[in-house]
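Subject: Structure handover and findings

Hello,

Please find the structure below. My notes on it follow, with the cut-offs given where each term first comes up.

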Amino acid sequence: MKKISIIFLLVLLVSFGCSTQKNTWLSRGYHNLTARYNVLFNGQQSFDRGQDKMRESVTNDYTKVLPVFAFSENSGGQVSSSDMNRAIRKAYKLIEKHSITVKPSRSARGATEEYRAFYNQREFNRWVDDAYMLMGKSHIYSREWYEAIGAFNMVLQLFPEKSVRFEAMLWIARAYIEMGDLQNARLSLERYSSGVENEKQFFPAASATYAWFWLMQDDYENAVEYCRLAAENATDRWQKIRWFFILGQVAEKLDRSELAYDAYQKVVAMNPDYEMVIYARVKNALLSGGPDNSAKSREILKKYAREYKNLDYRDQIFFSIAETHFWEGDTLNALVNLQLAAGYGDRNRILAGNIYQRMADIYFQSGDYVAADAYYDSTLTALPQNYPGVSEIQQFRRKLTPLAESLRTISHEDSVQRIAALSEEERAQFIDNLLASMQEQEEQEQFGGQMDDAFFYRNFANRGNKSTDETGKWYFYNQTMISLGQMEFEKRWGRRELEDNWRRKNKKAQIQQQDLGANDGMMPADPFSQEPPGPVAETEMREEAGKPDRQALISGLPLTPEEMEISQLKVQKALFNAGHLLAQNFEKHSEAIDRFEELISQYPQTGFREQALMGIYLSCAEIPDRPCLSHYGQVIQDDFPDSRFAAFVEDPDYFEKKEAQEQVLDTLYAEAFRDFKEGFWNRTLDNTSTILKSGYEDIMPQAMLLNAAAYSQTGNRNAFRNGLLALTDAYPRSSQADVARHWLEMLKQGHDPEKDLLNTSVAERSELWEAGDASQSEDETGKYVFQPEEVHYLLIALQPDADVNQILFYLANFNFDRYTVGGLQLESGTVEAAYNTLQTGPFNNSRVGLDYFFALLNNPSVFAVTNPGRPLLLLISEDNYGKLKSASDLEEYRQFFLEKYLPGSDPSAIIITESEIPEEPYVRE
């Protein structure tokens with residue numbers, strides 16, 4: 001009993017002595033010991049596990065400079081939430097349970113300087129600063145930047161005299177860099193460099209942080225030395241390997257080949273994972289020869305391609321071989337090797353996207369726009385949406401796709417016309433051959449699977465007679481042919497060891513399978529087998545039923561004169577559209593001239609002749625080609641002497657003068673309406689009569705309605721009625737004609753519409769013009785900003801099933817007919833899956849854009865297609881256009897547009913309804 005009482009007393013003394021509310025040698029010793037070897041140790045173990053997991057999950061994109069740290073969002077590493085959360089909890093527990101902030105009972109008065117420093121410190125547990133650092137680092141690896149900065153700031157506040165504060169400054173800078181706040185990152189780094197005492201202690205960490213700071217700004221000149229210092233002084237193996245690889249990449253950017261080569265060699269020497277090894281070796285293969293000795297680089301790379309261990313990296317190897325051919329200007333062999341790289345590129349989608357983009361660029365530069373469009377599509381499919389440069393590719397492809405569609409139309413219609421022109425016997429033979437070819441192709445696909453690269457066979461089939469393709473060499477001496485054959489073999493059979501019965505997956509079951517007469521397990525199917533592949537599944541039978549037959553193929557041919565005329569009209573439209581897009585979107589004026597001349601040559605009586613001639617004339621002026629300009633200028637004046645194009649040829653300032661005149665007429669209309677509201681009827685009549693005589697179509701319906709309204713106020717009812725009738729006859733589908741018909745009906749019923757004229761849509765329509773002249777915007781607090789003097793575009797939103805390509809064609813005609821020298825471009829796109837969009841512009845400001853808006857609104861024949869999709873017309877500035885991400889954004893902007901650009905207008909005014917669209921499509925004035 002006495003022994004138990006003594007033990008109880010000792011436990012009680014220790015308990016009271018170890019309270020965080022007491023600051024004695026015993027309490028400090030107890031809490032320091034427990035904090036370090038219990039709480040902090042376990043927390044650090046969790047952090048280390050989470051850090052290792054994140055490093056292992058990092059996905060390296062070797063097409064660009066690697067992120068310096070595993071926690072970077074660009075690294076693609078996965079956060080180990082459970083480990084990092086446990087580390088954070090342990091850090092909190094240490095601070096909560098073991099922090100000692102009370103002062104010692106012994107006063108500092110009269111004590112030594114050393115004791116006074118001890119007495120004045122804020123925290124008496126030596127491991128609390130480590131707990132805050134552990135907490136901050138764990139938040140960093142969890143990508144919780146603000147929480148991390150908060151933890152590191154506690155270190156700065158509580159431990160202003162300890163060296164750990166400098167490490168905290170570096171981590172704060174890293175957090176700001178990841179947030180994109182480079183200004184605060186710079187301040188933190190400057191604070192570190194101006195105060196650090198023992199620089200060697202934090203040298204690797206500081207060098208890596210500075211390197212990342214400059215790399216995030218693509219400032220390789222400032223980054224390279226910090227990369228070298230970080231790599232050479234790193235003590236962590238993972239970081240050392242990574243930082244040497246980054247040093248090599250940065251040195252390459254700066255054309256410092258020796259430094260890059262040495263860095264990659266050190267990466268290989270440290271024996272990291274094989275992926276980084278092979279990428280480093282490929283880099284050094286390119287550096288070893290370089291553009292001056294591309295053959296040397298190519299031989300090394302071909303050696304790597306033949307090695308079995310590099311099978312998974314052949315996409316990068318062949319991509320690099322293609323680069324050596326680019327150095328030599330050998331685009332053909334470069335393209336062949338890019339196709340090989342694409343064939344192996346199903347593992348690394350980012351690399352595949354870069355390969356597709358390079359191929360698309362080649363096809364575009366060579367003028368194969370259909371293939372280029374397909375490969376840009378593959379590029380966008382492979383690359384992530386947030387990958388650098390994707391938005392530029394999307395924008396470029398929006399311009400390219402309409403051109404590719406036009407060229408596909410030309411090719412298709414030319415083909416069916418040639419087949420239709422054959423005799424019935426020849427046509428039957430052709431279709432039989434076509435069906436047989438389709439059957440053979442299907443069997444080949446079942447035999448070996450279709451190549452990933454849709455254009456591989458087509459493009460390679462015609463390369464055998466080219467000198468750059470190693471012609472004349474026996475097959476097994478021709479490395480390109482061997483590589484292609486090997487890739488095709490592996491596509492069909494997979495990777496097989498060199499052995500007997502290599503086609504069989506299960507050789508032990510060979511005899512048994514043969515006895516059973518079943519499929520022998522060959523992969524994918526034995527082309528040499530004499531046995532049928534087995535019973536046909538029901539799904540295959542259903543697929544067989546959906547295959548095209550003779551009747552389906554014949555039905556697509558233009559065999560009647562009417563069908564042939566439709567087909568020829570499609571070709572004419574596509575040729576004109578192709579020429580227009582080549583000139584306007586890509587400034588390829590020589591090719592545009594070829595397309596326009598092809599149109600005129602094949603179809604001398606085409607309805608597009610005048611526009612095509614003008615297209616040639618403008619392209620000749622851009623090249624410039626003086627003889628061409630003179631010749632076609634004379635042709636335009638001879639064939640169309642009264643046209644606006646002839647006037648432009650006669651006076652190159654014609655359109656500028658016409659625009660200036662139209663601006664005067666716009667001002668005159670505004671004055672006429674003000675006079676009308678103020679009761680000056682005769683002045684209104686004078687001004688509107690001037691507009692009517694000018695023939696200015698864009699405001700003609702408005703002027704006719706206002707003119708008639710002014711006559712009504714002077715008591716001239718006959719002139720009022722005649723003006724309304726003239727309006728309904730000349731512009732029957734305009735909204736002004738609807739008002740006129742309403743007033744005529746009132747007159748017919750004996751009512752007096754004159755009294756209500758000031759409250760009708762005449763006023764609303766004039767306000768639309770006044771909105772276009774606004775020069776100052778009011779302060780905006782919403783999502784969209786009214787910027788009338790900024791560059792604008794016209795946006796047409798269509799339903800998903802609308803005939804976008806046909807509307808695009810008519811819109812190109814509309815632009816060409818009225819805005820020949822305006823430099824308007826056309827693009828197509830989407831807003832989520834809710835709308836297809838067409839965009840044209842740019843317009844210098846909202847007033848010019850509204851001129852176009854009303855001109856298009858009064859020409860609904862542009863939308864005379866089978867399925868117009870209820871076109872919604874909007875004018876939008878560049879800044880606001882960038883904010884349209886979803887269907888709800890578009891609806892929100894629609895309200896903004898009505899409020900700011902068309903105040904007082906009905907929401908239906910910006911939608912082209914089916915009743916407004918005439919049967920005849922837009923062709924020309």
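Two strands pair if DSSP finds at least two bridges between them. Helices (H or I, at least four residues) and strands (E, at least two) are DSSP runs, numbered from the N terminus. This is a predicted model, in which local features need pLDDT of at least 70 and side-chain atom pairs count only at pLDDT 80 or more, while totals for chains, interfaces and linings use all residues. Residues are numbered from 1 along each chain as its sequence is written, and side-chain values use heavy atoms, with hydrogens and water left out.

Overall

The chain's secondary structure comes to 40 helices and 4 strands. Of its 925 residues, 49% are buried; buried means under 20% relative accessible area, exposed over 50%, and partly exposed in between (1.4 Å probe, protein chains only). Contact means heavy atoms within 4.5 Å. Among contacts between residues at least 6 apart in sequence, 65% join residues at least 24 apart.

The sheet

The 4 strands form an open sheet in the order E2-E3-E1-E4, with antiparallel pairing. E2 and E4 are the edge strands, each pairing on one side only. On average, neighbouring strands of this sheet are turned by 25 degrees against each other, direction ignored. For angles in general, axes are lines fitted to C-alpha atoms, for helices over the stretch in contact, and the values run from 0 to 180 degrees between N-to-C directions.

Strand E1 (residues 792-798) pairs with E3 in the antiparallel sense over 6 bridges. In that pairing, leucine 794 stands opposite threonine 840 in E3. Strand E2 (residues 825-831) is joined to E3 by 7 bridges, and these two also run antiparallel. The bridge partner of glycine 829 is threonine 837 in E3, and that of threonine 830 is asparagine 836 in E3.

Why is strand E3 described as largely enclosed by the rest of the structure? The reason is that 8 of its 9 residues (835-843) are buried. Proline 842 lies in this strand, and the peptide bond from glycine 841 to proline 842 is cis, with omega near 0 degrees. Helix H38 (residues 846-857) lies across E1, E3 and E4, running at about 170 degrees to E4.

Serine 877

Serine 877 lies in strand E4 (residues 872-877). With a relative accessible area of 0%, serine 877 is buried. Its side chain makes a polar contact with the side chain of asparagine 880 at 3.2 Å. A polar contact is a pair of N or O atoms within 3.5 Å; within protein, one must be able to donate a hydrogen and the other to accept it, and residues adjacent in sequence count only if both atoms are side-chain atoms. Not counting residues up to four places away in sequence, serine 877 touches Val785, Gln787, Val791, His792 and Tyr893.

Glutamine 316

Glutamine 316 is in helix H15 (residues 314-327) and is buried, with a relative accessible area of 12%. Leaving out residues up to four places away in sequence, glutamine 316 touches Tyr279, Val282 and Leu351.

Backbone exceptions

Most residues other than glycine have a negative phi, and most peptide bonds are trans. Isoleucine 623 and proline 624 are joined by a cis peptide bond with omega of about -10 degrees. Proline 624 is found in the loop between helix H28 (609-622) and helix H29 (626-639).

Asparagine 271, although not a glycine, has a positive phi of about 55 degrees. Asparagine 271 lies in the loop between helix H12 (257-269) and helix H13 (274-289) and counts as exposed at 58% relative accessibility. Glutamate 587 also has a positive phi, near 55 degrees. Glutamate 587 lies in the loop between helix H26 (561-586) and helix H27 (589-602) and counts as exposed at 61% relative accessibility.

Cavities

A search of the whole structure finds 4 cavities of 30 Å³ or more. On a 1 Å grid over the protein atoms alone, a cavity is a set of points where a 1.4 Å probe fits but cannot get out; lining residues have an atom within 4 Å of a point. A volume is the space filled by probe spheres set on the points, with grid points joined across faces, edges and corners. The second largest cavity has a volume of about 50 Å³. Its lining includes Arg55, Tyr141, Trp171, Arg174, Trp238 and Gln239. Helix H7 (164-179) and helix H11 (237-253) are the elements that give two or more residues to this lining.

Regards

Terms used:
On a 1 Å grid over the protein atoms alone, a cavity is a set of points where a 1.4 Å probe fits but cannot get out, and a pocket is an open set with protein on both sides within 12 Å along at least five of seven lines; lining residues have an atom within 4 Å of a point.
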